Amino acid sequence: MPQNLELSMVLNYIWIAFLLIAFAAASYTTMATGDTTIWSEIINASFDQAAFAFQISIGLTGVLSLWLGIMKIGERAGITAWLSQRISPLFTRLFPGIPAGHPAFGSIFMNISANMLGLDNAATPMGLKAMKEMQELNHKKDTATDAQIMFLVLNASGLCIIPISIMMYRAQGGAASPTDVFIPILLATAIATIAGLVALCIKQGIKPDRVLISCLAGAVALLSGIVYFFASLPQNKVEQYSSFGANFLLFGVIIIFIIAGMRKRLNIYDIFIEGAKEGFRTAVLIIPYLVAILVAIGMFRASGALDIIVGGVEDLVATAGYDTKWVGALPTMLMKPLSGSGSCAMMLDVMQAHGADAFVSRLAACVRGSTDTTFYILAVYFGSVGIKHTRYAAPYALLCDVTGAIAAIGIAYIFF
């Protein structure tokens, strides 16, 4: 893929491909089976997905307004500047284009922390704020910087330590042990993140030094400690403790920001409103991007094209003499880079069809938690600041997706 390929061109090819493949699949179904209702299903799916995209945007409006308001308080209270100074030794190496102590480091740290806790709704507004702050340093406003690409790829790699929502879905699906995917997901997302980070360091010429190596060793030690702690808990306590820890830390951040603002005698309410207005404007800006990508995905699914692809892969794997149990999770793998809600729906569909404790259901859960939604992040994060030239962001983000999916398959066979 050309390094200066525009975001609009990347999504243009994908969008056209979805629609053309959907048309071809529907035409084949009609000619082969005489089924004409599929055309109504495709058009209905386009309407439903357009409405769904707007609903997501409305939901994001509230969340963005809330968290950009909270972040504005932290910024005025000096918390983000304090965080920036503390993490500068590591982040100035990973993001050499950002000056030491810049406020963007605080937003990046908050975004990564929220992702690690599985708090997607909080991570998005923090990520958008980080992207906006990095854009202020960008001399070519329509072209992604190395720092922005590093940030996007780290987000695409998942970074999720506590997959609360996936464990909740498994519990609702009747899994005997909803938390048994916790450690496999942690390992898969760690592998995806390390793969993306190492590949980008090589691409951007970032050389490992004592600080980077020490931080990587510390991260591995932290992950090992988390694995040990949760592995030693009774199964019925894992979800409870992980949910408590994530939400306690999140509420604690809000309280710390407010107390810091009170110490500086700030008008906290007015500052919150100022940041919330920014959140509203950002939410409105991303509506067209969501409508475009979700409508295309909905029509692709409704046409039966996804089922045809999965069936073809299963036949090829069987012909080659390999185990085909993992192929049932392929829809989740294919949908994951495109749509978070779509991949979630695929995971739930597998659980409903095979049972929550089936191998393929556990694998689908591992895949769902291994990485984040690449093209959603591309469209929303870069679209929010007017980036068109994404350079090498898409292929390196997709590298994380592929690595995470392969790691999830291997780990699932080991654990289950």
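Author: Let's start where helix α17 ends: α17 is followed by glycine 386, and the phi of this glycine is positive, near 80°. Keep in mind that this is a predicted model.

Now step back into the helix. α17 covers residues 374–384, and it is mostly covered up, with 10 of its 11 residues buried. The buried ones are Thr374, Phe375, Ile377, Leu378, Ala379, Val380, Tyr381, Phe382, Gly383 and Ser384.

What does α17 pack against? One partner is α18, at an angle of about 145° and with the two axes 10 Å apart. α17 passes α18 in a right-handed crossing. On the α17 side, the residues that meet α18 are Thr374, Phe375, Leu378 and Phe382. Facing them from α18 are Ala393, Ala394, Ala397, Leu398 and Asp401. Sorted by class, this contact has 7 nonpolar residues, 1 polar and 1 charged.

Follow α18 (residues 393–415) and you get to another pairing, with helix α8 (residues 182–204). Here the angle is about 145° and the axes are 8 Å apart. α8 passes α18 in a right-handed crossing. From α8, the contact includes Ile183, Pro184, Leu187, Ala188 and Ile191, while α18 brings residues including Tyr396, Leu399, Cys400, Thr403 and Gly404. By class, the α8 contact with α18 has 16 nonpolar, 3 polar and 1 charged residues.

In soluble globular proteins, nonpolar side chains tend to be buried together. In this model the largest nonpolar core has 57 residues, and Phe95, Ile108 and Met134 touch the most other members. Helix α6 (residues 146–156) gives the most to this core, 8 residues. A second, separate core has 31 residues, among them Ala175, Ile185, Ala365 and Ala405.

One last stop is tryptophan 67, which lies in helix α2 (residues 37–77). Is tryptophan 67 buried or exposed? Tryptophan 67 counts as buried because its relative accessibility is 6%, and the cut-off for buried is under 20%. From tryptophan 67 to arginine 362 is 295 residues along the sequence and 33 Å in space, C-alpha to C-alpha.

Note on methods: Residues are numbered from 1 along each chain as its sequence is written. This is a predicted model: local features need pLDDT of at least 70, side-chain atom pairs count only at pLDDT 80 or more; totals for chains, interfaces and linings use all residues. Side-chain values use heavy atoms; hydrogens and water are left out. Axes are lines fitted to C-alpha atoms, for helices over the stretch in contact, and angles run from 0 to 180 degrees between N-to-C directions. Helices (H or I, at least four residues) and strands (E, at least two) are DSSP runs, numbered from the N terminus. A crossing is left-handed if the near helix is turned anticlockwise from the far one by less than a right angle, and right-handed if clockwise. Contact means heavy atoms within 4.5 Å. Ala, Val, Leu, Ile, Met, Phe, Trp, Tyr, Cys and Pro count as nonpolar, Asp, Glu, Lys and Arg as charged, and the others, Gly among them, as polar. A nonpolar core is a set of buried Ala, Val, Leu, Ile, Met, Phe, Trp, Tyr and Cys residues joined through side-chain atoms within 4.5 Å. Buried means under 20% relative accessible area, exposed over 50%, partly exposed in between (1.4 Å probe, protein chains only).
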